[in-house]
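Please read it alongside the model shown here.

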Amino acid sequence: MESFNKLQVLKDQHPRLVVALGMFDGLHIGHASIIRRAVALAREIEGECLVFTFSNHPRTVFAPASAPLRLSSPRLRQQQMAALGVDLYMSIPFTRAFAQHTAQEFLALLQSHFAPRYVVAGPNYTFGRQGKGTDRLLVREGAHYGFTAEICPAVLRDGRPVSSTRLRALIAAGDLTRAADFLGQPFTLLGRVRHGDQRGRTIGFPTANIDLRDGYATLPNGAYAAEVIYNGQSYGGLANIGNNPTFAGCNRRLEVHILGFAGDLYDQLIEVRFLQKLRDEQKFPGIEALTAQLHKDKAQAQQIFTRLHIG
């Protein structure tokens with residue numbers, strides 16, 4: 001998949017484009033349905049699928065205090081797009097200047113830069129100044145700008161559309177089962193391993209430490225069974241989110257003990273897929289009590305990994 005982080009003209013080198021429009025934060029099953037339809041249309045016309053999106057939520061520009069927490073990092077979102085078959089991915093900054101485009105000017109921009117054959121979006125997609133461009137306008141005006149617009153129906157759960165807002169609430173509540181249903185896969189964090197305090201290795205549970213980024217949705221503090229993906233290989237893992245209250249002076253972080261792995265992961269990217277919560281965060285009276293609980297966590301997690309054929 002070819003990626004772009006600024007607006008570029010693609011129509012000359014890519015003359016048969018199908019464009020998928022949306023924020024696609026979290027890439028839940030509603031988003032995936034839009035992208036899969038765009039990819040299918042691209043294959044039908046022997047063309048290519050382009051996802052056109054923004055690298056930041058519009059509210060970060062106009063109302064930063066109320067901007068929603070992000071559900072996935074740019075790198076993870078890009079990785080998931082590629083897995084869905086997207087050929088071209090353009091994620092540009094949303095700015096005050098860009099926000100001044102009227103709905104008609106936005107459609108003209110699509111024509112001048114991409115000349116798409118089809119444009120695919122969801123039923124709640126809006127565009128143009130003050131969001132005045134709607135799905136109906138996209139369908140009605142598409143022919144004038146040289147494309148056919150398709151609006152994918154919402155994907156429902158419990159009689160209501162799957163949405164990033166609902167997904168954030170599930171993650172904040174630690175409801176991994178329903179979050180996985182919304183996502184079509186476990187809730188996942190992708191991060192780079194940094195140097196930690198190295199306490200874990202002294203008790204037989206070395207951990208890969210990943211900073212939790214401000215502005216991103218995270219699960220409640222606690223211990224979790226997780227699948228860890230590194231270098232294309234799947235491992236079982238014990239993941240802990242929290243401040244490690246048994247020891248003083250620890251910032252909130254994600255720590256993962258990877259079962260059956262031996263090697264140096266510093267500065268490497270790992271993918272952590274949360275499967276099931278094992279317990280809430282606890283403060284232990286000492287290292288012995290902590291170690292005993294970690295062995296219990298490991299035994300419980302092993303049952304989950306065996307059932308799911310992980311590791």
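## Packing of α7 and α8

In this predicted model, the axes of α7 and α8 (lines fitted to C-alpha atoms over the stretch in contact) come within 8 Å and cross at roughly 150°. With angles running from 0 to 180 degrees between N-to-C directions and those over 145 counted as roughly antiparallel, α7 and α8 are therefore roughly antiparallel to each other. The contact, meaning heavy atoms within 4.5 Å, is made by Arg166, Leu167, Leu170 and Ile171 of α7 and by Arg178, Ala179, Phe182 and Leu183 of α8.

## The whole chain

Nine helices and 14 strands make up the secondary structure of the protein chain, as DSSP runs of H or I over at least four residues and of E over at least two, numbered from the N terminus. Of its 311 residues, 49% are buried, that is, under 20% relative accessible area with a 1.4 Å probe, protein chains only.

## Basis of the values

Residues are numbered from 1 along each chain as its sequence is written, and side-chain values use heavy atoms, leaving out hydrogens and water. Because the model is predicted, local features need pLDDT of at least 70 and side-chain atom pairs count only at pLDDT 80 or more, whereas totals for chains, interfaces and linings use all residues.

Note on methods
Parallel < 35°, antiparallel > 145°, perpendicular 65-115°, else oblique. Buried < 20%, exposed > 50% of the residue type's maximum accessible area, 1.4 Å probe, protein only.
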